[in-house]
Amino acid sequence: MNIILLGAPGSGKGTMAQKLTNELHIPQISTGDIFRKNLKEETPLGLQIKDIVASGGLVPDSITIEIVKNRLAENDCANGYILDGFPRSIAQAEALDTFQNIDCAINLDVDKETVVRRLSGRRFCPDCNGTFHVSTLQNTEVCPVCGGKLIVRPDDSEATVRERLKVYENTTLPLIEYYSHRHKLVTVDGNGSVETVYRRILSVLNK
Ligand code: AP5
Ligand code: MG
């Protein structure tokens, strides 16, 4: 299945994509993770997008579309994939439709207070891309999966979160209507525990 996870920053796209990847054995393609890897390794792309990501803006569509197009052409995507954080604009969705067939777009619908609570307690592992929350970590410094050093994502600062939410409302929210018109949209209540939300997703996927 070719699945898109839509939703505001902090709605749980990355958390649910990781669980789905393990269960369905199809890769998670996270544009945020791809960009963070380039930032960490200070590649030419990383240097080009550094200020944009730090301020909570969107990387230009032309760059993002090209990266995703190439990534989805790799062998491990032949039996399906989970897109996490792409598309994020109508232009990206239209471009995606020219080179891929999407089965469904799952919109994780989450209250604003929940988003703020989740993002303010998030910890990220730059080594394995694991995402955690302080409320469930025994040690908030060490990745429970690979032992790497956990960090607070730089774009989880209050000012940047505010900007990311604004960008989401202005540029990404119209995708709900886009996929609804194409009868591909499924909205899932994203409030509740990780397991509760995950079960809701499996049930809409008939798994
Ligand atoms: P990206 O990394 O995609 O960030 P985002 O969309 O803002 O989403 P987040 O990763 O913040 O949230 P999430 O929904 O994945 O939630 P998570 O699972 O972590 O993008 C970063 C930047 O890269 C962008 O700002 C932009 O600059 C650039 N970019 C990326 N894609 C782009 C594109 N397509 N075009 C242009 N630019 C692009 O969960 C959050 C927290 O909540 C965690 O702590 C988690 O443990 C916890 N949690 C999750 N679910 C639950 C639950 N059910 N119950 C309790 N806790 C939960
Ligand atoms: Mg994410």
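Asn206 is found in the segment after α9, where helices (H or I, at least four residues) and strands (E, at least two) are DSSP runs, numbered from the N terminus. The phi angle of Asn206 is near 60 degrees, a positive value in a residue other than glycine. Asn206 is exposed, with a relative accessible area of 71%; exposed means over 50% relative accessible area, buried under 20%, and partly exposed in between (1.4 Å probe, protein chains only).

This is a predicted model, in which local features need pLDDT of at least 70, side-chain atom pairs count only at pLDDT 80 or more, and totals for chains, interfaces and linings use all residues. Residues are numbered from 1 along each chain as its sequence is written, chains are lettered from A and ligands numbered from 1 in the order in which they are written, and side-chain values use heavy atoms, with hydrogens and water left out.

His25 also has a positive phi, about 60 degrees, although it is not a glycine. His25 lies in the loop between α1 and β2 (28-30), and at 68% relative accessibility it counts as exposed. Another backbone feature is the cis peptide bond from Phe86 to Pro87, with omega near -5 degrees. Pro87 is placed in the loop between β3 (81-84) and α5 (90-99).

The protein chain as a whole has 9 helices and 7 strands. Its radius of gyration is 16 Å, close to the 17 Å that the globule rule gives for 207 residues, so the chain is as compact as a globular protein of that length. The radius is taken over C-alpha atoms, and the globule rule is 2.2 Å times the number of residues to the power 0.38. Along the principal axes, the C-alpha atoms fill a box of roughly 45 × 40 × 35 Å. Of the 207 residues, 46% are buried.

Strand β4 (residues 104-109) has 5 of its 6 residues buried, so it is largely enclosed by the rest of the structure. Two strands pair if DSSP finds at least two bridges between them. Strand β1 (residues 2-7) pairs with β4 in the parallel sense over 5 bridges, and Ile4 stands opposite Ala105 in β4. Strand β7 (residues 185-189) is joined to β4 by 5 bridges, and the two run parallel. Here Leu108 has Val188 in β7 as its bridge partner.

The remaining topic is ligand 1. Of the 34 residues around ligand 1, Thr15, Gly57, Arg88, Arg122 and Arg164 come nearest; a residue is near a molecule or strand if one of its heavy atoms lies within 4 Å of it. By class, this shell has 11 nonpolar, 15 polar and 8 charged residues. Ala, Val, Leu, Ile, Met, Phe, Trp, Tyr, Cys and Pro count as nonpolar, Asp, Glu, Lys and Arg as charged, and the others, Gly among them, as polar. Elements that each supply at least two residues of the shell include α1 (13-24), α6 (112-120) and α9 (194-204), while the largest share, 4 residues, comes from α2.

A polar side-chain atom of Gln92 lies 2.9 Å from a nitrogen atom of ligand 1. An N or O atom in the side chain of Arg153 is 3.0 Å from an oxygen atom of ligand 1, and a polar side-chain atom of Arg164 lies 2.5 Å from an oxygen atom of ligand 1. Taken alone, ligand 1 exposes 1000 Å², and the protein buries 94% of that; accessible areas come from the Shrake-Rupley method with a 1.4 Å probe, and for residues only the protein chains shown count as cover.

Definitions and conventions:
A polar contact is a pair of N or O atoms within 3.5 Å; within protein, one must be able to donate a hydrogen and the other to accept it, and residues adjacent in sequence count only if both atoms are side-chain atoms.
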